[in-house]
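Look at the sequence and the structure below before reading on.

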Amino acid sequence: MKIVLLSAASSIHTVRWANGLSEAGHEVFVISQHENIDPFLPSVSVYTLPFRGVLGYFTIVPAVRKLLKKIQPDIVNAHYASGYGTTARLVGHHPWILSVWGSDVYDFPHKSPLHKWLVKKNLRAADRVVSTSHCMAEQTRTLTPELKDITITPFGVDLSAYQSIDIGGEIQTDKIIIGTVKTMKPKYGIDTLIKAFAILINSLQSKSEIDTKKIELRLVGGGEQTTELIALSEKLGIADSVKFIGQVPHTSVPQELARLDIYVALSRMDSESFGVAIIEAGAAGRPVIVSDAGGLPEVTIDGVTGLVVPREDPSAAAAALEKLVLDCNLRKEMGYAGKIHVAKNYSWSTCIKTMLEVYNTTVSKYSRNLNE
């Protein structure tokens, strides 16, 4: 099958879809106005068009139409309902699938009536719409209630990158390390995590159950809120126990997760539509604590692979942290369960198979409709 991905080549998810589909034996072409950062396989053909921002989604239409005429794909998969979804609709090639990602259906439509109109028009023009999570599918239906058949096509994880990580901890230290790998932005609730950590430390000190000097909060990721978060940790008197690592390449994520004993994601917004970081932590055999925002609870089995707490509730998060900090066996049990859960449901081979089934059924349905 010839497959065109109309998507941001700068996204690791685009790279993974393209490489995974290529490894499954298909001809894959990526058309993008974004330069790739992570490498595509040599078997993937990448066409990078001039970047012109928002205007570019409109101005690249003639070039995309010309490329599709040359490639003659069996199907086009546009990723993101606003930008590349607009390009795909204007190009007019069929059949095409629209993959919604998150902020394109949660945030973008609410900027103005024009933004909402644009997204709704793109959704209705696609031959099929797919979503990475059930909660995002429901959000999409609030815009276009007539779209009953939205297939769930989750992002996967490369399990081979995590095979060498022991559930008990690859990097042995005498500390219990709590952490997250996330951009330092308000959306992701890093401030809630810092407040929860401060409550945890105060609680443990009052009980004298553990040496709190052996508990560390490790925050991996750069971003606009870093300075503010450093100030917050100083204000709460825990700065010596909080390590700001900064941004790391995605290839280093498995090693960073191997350093942790507990992974935490306390996002405050539903546009956190799929917990990629959660399934990566699960692949590494780490128990997780997540907020009830967006798709995070969908990828966490509460009480089995981790604990789900209310968003923006530092006290609830601190209680969950204390439960795991004081119970080494529970951490290992949840880590092991997470590893099994991810292997069964979120390996890239499983996710690629799901997407290919969507491609095949969409192509077949389109062909039948043409012949009727």
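In which loop is Q72 found? Q72 sits in the loop between α3 (61–71) and β4 (75–79). The model discussed here is predicted. Most residues other than glycine have a negative phi, and most peptide bonds are trans. The points on the backbone below should be read with that in mind.

**Positive phi angles**

- Q72 is not a glycine, yet its phi is positive, at about 55°.
- Q72 counts as exposed because its relative accessibility is 53%, and exposed means over 50%.
- Y80 is not a glycine either, and its phi is positive, at about 95°.
- Y80 belongs to the loop between β4 and α4.
- With a relative accessible area of 24%, Y80 is partly exposed.

**A cis peptide bond**

- The peptide bond that runs from H94 to P95 is cis, and its omega is near -5°.
- P95 is located in the loop between α4 (83–91) and β5 (96–100).

**The second largest pocket**

- The volume of the second largest pocket is about 620 Å³.
- This pocket is lined by 24 residues, and R16, N19, D158, S160 and W348 are the closest to its centre.
- The largest share of the lining, 6 residues, is from α1.
- Sorted by class, the lining of the second largest pocket holds 13 nonpolar, 7 polar and 4 charged residues.

Conventions. Residues numbered from 1 in each chain as written. Predicted model: local features only at pLDDT ≥ 70, side-chain atom pairs only at ≥ 80, totals over all residues. Heavy atoms only, no water. 1 Å grid on protein atoms, 1.4 Å probe; cavity = no way out; pocket = protein on both sides within 12 Å on 5 of 7 lines; lining within 4 Å. Points joined across faces, edges and corners; volume = space filled by probe spheres on them. Helix = DSSP H or I, 4+ residues; strand = E, 2+ residues; numbered from the N terminus. Nonpolar A, V, L, I, M, F, W, Y, C, P; charged D, E, K, R; others polar. Buried < 20%, exposed > 50% of the residue type's maximum accessible area, 1.4 Å probe, protein only.
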